[in-house]
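Colleague: I have a model open and would like to talk it through with you. Could you take my questions as they come?

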Amino acid sequence: MHHHHLILRVVTKMLVGAIMLFAFYVQFHGDFSPGGGFQAGVIMAVAFILYGIVFGLDKAEQVFPPWLVHKLVALGVLLYAGVGVVSMLLGYNYLDYDAFSPHHPSHGQHWGILLVELGVGITVTGVMVAIYYAFAGRPPPMKDEDW
Amino acid sequence: MAAEETHHVAKTFMDHLPVLQVVIPLFAAPIIIFIGKRSLAWPIAFAASAAAFVISCLLLMQVLDGGFISYHVGGWAPPLGIEYRIDAASALVLALISGIGTIVLPFAYESVKAEIPKKNHTLFYACFMLCFTGLLGMVATGDAFNVFVFLEISSLSTYVLVAQGAEHNKRALTAAYDYLIMGTIGATFFIIGLAMLYMATGTLNMADLADRIAEEGTNRTIRAAFAFIVVGMGLKVAIYPLHHWLPNAYTFAPSAVSVFLAATATKAAIYVLLRFMFSVFNPGFVFEEWTLYIVFIPFSLLAMFAASFVAVFQTNIKRMLAYSSIAQIGYMLLGIAMLNATGLSATLVHLVNHGITKAALFMGVGAMLLYSGGAFYNNLNGLGRKMPLTGAAMIASGLSLIGVPGTAGFISKWVLVQAAFENGWWIIAIAIMLSSLLAVIYVWRIFEVLYLTEPNPDSTAKEAPITMLIPMWILAGACIWFGFDTELTLGSAQVAAEGLLAGSAGMAH
């Protein structure tokens, strides 16, 4: 179906992996360098969006089905709120990360922020891809071949 | 890094109430989506809102003595960390919001089935929970920026909920869009105001803000911030000239959403306005008094008369009720402008009473919409006779809307008139009574349409299902109950009003 844009397709295939890797770096290195869940989520979503733009929405939806996107949006929020609930069950205030390592609060803080940021990252990825699907999913006014 | 042992006393369930109030519905929304089963969406939503209602009652009982509860999210002490602060005023509004949410959901079960396409049901209840979370959060939090975050959570989900009416009438989409634009302008003004406050004081905790404004005195930045916040929140409250979004949003939203919004959304916004006017800026703030007299009194009088007058001439009952809401907001603002304890208690008690009354009326309309095919008066001809229980509930709450003695509406108007007398404002007291006469006209039109006209011959209307009748009659019964037993409503409103007029309770240490 896609016989044109050869260079774009090859470059995209090479880049998608690197973009995802960079997203993970921004996600998990966010507590030592600039970054965090929001930025990482957007970068991760960019990998899927770029793939969708170059190879078509159908291909992107095969890789990352819309139902999964919706679940991930909810999962991230659940993870974030769940961290708070767990800290509450451990007898600390909501989202008080000290709960995860009472003898070593700074470790607890580290774990807490890592999990919460992971939640943010998952939800932001989901939301960005969902927005892209919603916009791209509308029928195109003109077919590719008609140009 | 040396391991240091810190003494920690485990927190119990009761300590967590202020945050659980918000977290339970917040948790329910993603769970509904994650499970993704249509049959489970409603039970989860109902369980979460019922839990929230129980929590708000527990909170209200704890703060009725005039104290407050402070909760430090994340264990970070304010003003650095986010504080949730519950006092009588916030507990009263929390109880109203969560109570209405719990009563609306059983009603919504049938109504949503009839009005919203099946594939959207799961997301509808998730959105409803988010809106509920946002409204509760706005009230529970003691952090000014947190208010903005929750305001946006509730607003964004409200736009989606209003747009769900599109299945029935495509104009719901433009109504939701109008609301989106106006609501966003309001939120923008609000955040600009917050930014100015932050610039002037360097803090976002409300109690800390109040302390610093009191210490450093006022300057132009703080006064501008006040103006931005009042206008921004004014848009969400639908203060008379800023009310443009409200009639369409209430008219075209699905019935269950109209019920919920009419009873809670503007009320939460009024609470935030009160919180900023009285707790952040103190009641003696010179600029504020000036604003109250010059701005609030004329606009609230205008709302009471103009909006009621417009309501009289409507042909769509939902739109009529929406204009009536704008008029009732006028009474609440008038109570604030009195700047005495009686006036403020009138505002707070009217906030609750009108919420209950309007919810009952919108529920009646929602039940009739199951059979009538439209909310225009000529769709509803004679339905009161075909649906006697629904019709009677509407008339009972209609009487409360007018303020007939023996109903909740009478109590709030009576207190408002008393407040006017306290200030020696005879003319305003007379205006309150005159504008109630306009309410008589539009409530009479409901009666006329429901009982004094012949039913459409091909109408298939029968009594509303029991899941709708029970919530409707709980609310209609409450309209009458609170007209006699004012201990709970007026009592807590008075405690809350005194708390607000005393200014900020200061930082909790």
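Colleague: Which residues does B:V162 touch, not counting those up to four places away in sequence?
Modeller: B:V162 touches B:A172, B:A175, B:A176, B:Y179, B:A249, B:F252, B:A253 and B:V257, where touching means that the C-beta atoms, placed from the backbone, lie within 7 Å. This is a predicted model, in which local features need pLDDT of at least 70 and side-chain atom pairs count only at pLDDT 80 or more, while totals for chains, interfaces and linings use all residues. Residues are numbered from 1 along each chain as its sequence is written, and chains are lettered from A and ligands numbered from 1 in the order in which they are written.

Colleague: Okay, new topic: how many residues of chain B are in contact with chain A?
Modeller: In chain B, 20 residues are in contact with 21 residues of chain A. The largest share of that side of chain B, 8 residues, comes from helix 1 (residues 17-35) of chain B, a helix being a DSSP run of H or I with at least four residues, numbered from the N terminus.

Colleague: And what is chain A built from?
Modeller: Chain A has 5 helices and 0 strands, a strand being a DSSP run of E with at least two residues.

Colleague: Why is chain A said to be more spread out than a compact globule?
Modeller: Its radius of gyration, taken over C-alpha atoms, is 19 Å, well over the 15 Å that the globule rule (2.2 Å times the number of residues to the power 0.38) gives for 147 residues. The C-alpha atoms of chain A fill a box of roughly 65 × 25 × 20 Å, taken along the principal axes.

Notes
Two residues are in contact if their C-beta atoms, placed from the backbone, lie within 7 Å.
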